[in-house]
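Q: I am new to this structure. Please take me through one part of it closely, and then show me what lies around that part.

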Amino acid sequence: MNIRKYQDADREKIIALLRLNTPEYFSPDEEKDLIYYFDNHIEYYFVAETDGVIVGCGGFNMSNDPKKIGLSWDIVHPEYQGKGVGSALIKYRIDRIKELGKMQVITVRTSQLAYKFYEKFGFEIKEIVKDYWAAGFDLYRMECSINLISD
């Protein structure tokens, strides 16, 4: 598996990847949010490839708080879930975040469907908002000190 920086040519493949995970992990309403993200916040986004096929992706974004940074849009192909792709993307992004310096806290906004994945890395739930993303898709806002991220 190779992890590399997002390229414009990846856009439609990632939207297709999102659709493969809808409605199990994403609400159909979230596709427009992903497109907005591509158009406005794509500076730090990465794809994981196996044999030239995108099997996962995820990014991070700066926040208004200069000591916090947020993980964004983690998506893994259903056939590759549970095979280390998501974990490799988390570790890769944490390494990139550490290179930026100054960051003390990593945040993630996820759902009740995926929060346990982030708990494995030391993220703790800070807030839950019912039906935030769409009906049946709750917001789980989580945080972890960058120094406490576990492998």
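A: Tyr-6, Tyr-37, Phe-38 and Tyr-45 form one aromatic cluster in this predicted model. Two of its members, Tyr-37 and Phe-38, are among the buried residues of helix α2.

Helix α2 spans residues 30-40. Its buried residues are Glu-30, Leu-34, Tyr-37 and Phe-38. Seen down the axis of α2, these buried residues fall within an arc of 100°, so they line one face of the helix. The general rule behind such a pattern is simple. An α-helix has 3.6 residues a turn, so residues three or four places apart point the same way.

Now turn to the other face. Lys-32, Tyr-36 and Asp-39 are exposed, and they sit on the face of α2 turned away from its buried side.

What covers the buried residues? The cover includes helix α1 (11-20). It also includes the strands β2 (45-50), β3 (53-62), β4 (68-76) and β6 (124-134).

Pro-23 is in the loop between α1 and α2. The peptide bond from Thr-22 to Pro-23 is cis, with omega near 5°. As a rule, most peptide bonds are trans.

Phe-26 belongs to the loop between α1 and α2 as well. Phe-26 and Trp-73 form a stacked aromatic pair. Their ring centres are 5.9 Å apart, with 20° between the planes. This pair links distant parts of the chain, for Trp-73 is in strand β4, 47 residues from Phe-26. Both Phe-26 and Trp-73 are buried.

Phe-117 and Tyr-118 pair edge-to-face, at 5.1 Å centre to centre and 80° between the planes. Phe-117 is partly exposed, with a relative accessible area of 23%. Tyr-118 counts as buried, because its relative accessibility is 5% and the cut-off for buried is under 20%. In total, the count comes to 14 aromatic pairs.

Trp-73 and Tyr-118 also bring us to the largest pocket. The volume of this pocket is about 1200 Å³. Its lining has 44 residues, and the closest to its centre are Trp-73, Asp-74, Val-108, Arg-109 and Tyr-118.

Which elements build the lining? Helix α2 is one of those that supply at least two residues each. The others are β3, β4, α3 (85-100), β5 (105-110), α4 (115-119) and β7 (137-145). Strand β4 gives the largest share, eight residues. By type, the lining divides into 22 nonpolar, 14 polar and eight charged residues.

Ile-94 counts as buried, with a relative accessibility of 5%. Gln-81 is 13 residues from Ile-94 along the chain, and their C-alpha atoms are separated by 20 Å.

Two backbone details complete the tour. Most residues other than glycine have a negative phi. Lys-102 is not a glycine, yet its phi is positive, about 70°. Lys-102 is found in the loop between α3 and β5. Lys-102 is exposed, with a relative accessible area of 69%. Asp-131 is not a glycine either, and it has a positive phi of about 55°. Asp-131 lies in strand β6, one of the elements that cover the buried residues of α2. Asp-131 is partly exposed, at 36% relative accessible area.

Key:
Residues numbered from 1 in each chain as written. Predicted model: local features only at pLDDT ≥ 70, side-chain atom pairs only at ≥ 80, totals over all residues. Heavy atoms only, no water. Buried < 20%, exposed > 50% of the residue type's maximum accessible area, 1.4 Å probe, protein only. Helix = DSSP H or I, 4+ residues; strand = E, 2+ residues; numbered from the N terminus. Arc of directions from axis to C-beta. Contact = heavy atoms within 4.5 Å. 1 Å grid on protein atoms, 1.4 Å probe; cavity = no way out; pocket = protein on both sides within 12 Å on 5 of 7 lines; lining within 4 Å. Points joined across faces, edges and corners; volume = space filled by probe spheres on them. Nonpolar A, V, L, I, M, F, W, Y, C, P; charged D, E, K, R; others polar. Phe/Tyr/Trp six-rings, centres within 6.5 Å; stacked < 30°, edge-to-face > 60°.
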